[in-house]
Amino acid sequence: MAANRTVNKLLDQKRQIEQELKSIRSECTHGSQAIKQVHVREGSQVDARWVCDECGSIQRHPNKVELDNFLNNKK
Ligand SMILES: [Zn+2]
């Protein structure tokens, strides 16, 4: 039961954090963005996406030119 209580507490905190992130991200104008390697889904492989510098939300797929530049700059 102790583990169960801890899990419930953590899930509660996770919900609160997700709500806070959602509210920050909904107010963000995403004015500053950069291409980053991100996990698009939990447990997925990393993939390049435009990510907001301010709130960390994933914005869109880079196009081929943007992706080539990103990969070249990494070397
Ligand atoms: Zn943002």
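Which residue stands opposite Trp 50 in E3? The legends below lead to the answer, starting from the whole chain.

**View 1. The protein chain in overview.** This is a predicted model. The protein chain holds two helices and three strands. Along the sequence, their pattern reads α-β-β-β-α.

**View 2. Extent of the protein chain.** The C-alpha trace spans about 55 × 30 × 15 Å along its principal axes. The radius of gyration of the protein chain is 17 Å. For a compact globule of 75 residues, the value would be near 11 Å. Of the 75 residues in the protein chain, 0% count as buried. Among contacts with a separation of 6 or more, 25% join residues 24 or more positions apart.

**View 3. The open sheet.** Three strands form this sheet, in the order E1-E2-E3. Their pairing is antiparallel. In general, strands of a sheet pair through backbone hydrogen bonds, either parallel or antiparallel.

**View 4. Edges of the sheet.** The edge strands are E1, residues 33-39, and E3, residues 58-60. Each has a single partner strand, so one side of each is left without a neighbour in the sheet. Neighbouring strands of this sheet are turned by 60° against each other on average, direction ignored.

**View 5. Strand E2 beside strand E3.** Strand E2 covers residues 46-52. Strands E2 and E3 pair in the antiparallel sense, over two bridges. Here the opening question is settled: Arg 60 in E3 stands opposite Trp 50.

Note on methods: Residues numbered from 1 in each chain as written. Predicted model: local features only at pLDDT ≥ 70, side-chain atom pairs only at ≥ 80, totals over all residues. Helix = DSSP H or I, 4+ residues; strand = E, 2+ residues; numbered from the N terminus. Rg over C-alpha atoms; globule rule 2.2 N^0.38 Å. Buried ≥ 20, exposed ≤ 12 C-beta atoms within 10 Å, placed from the backbone. Contact = placed C-beta atoms within 7 Å. Pairing = 2+ DSSP bridges. Axes fitted to C-alpha atoms, helices over the stretch in contact; angles between N-to-C directions.
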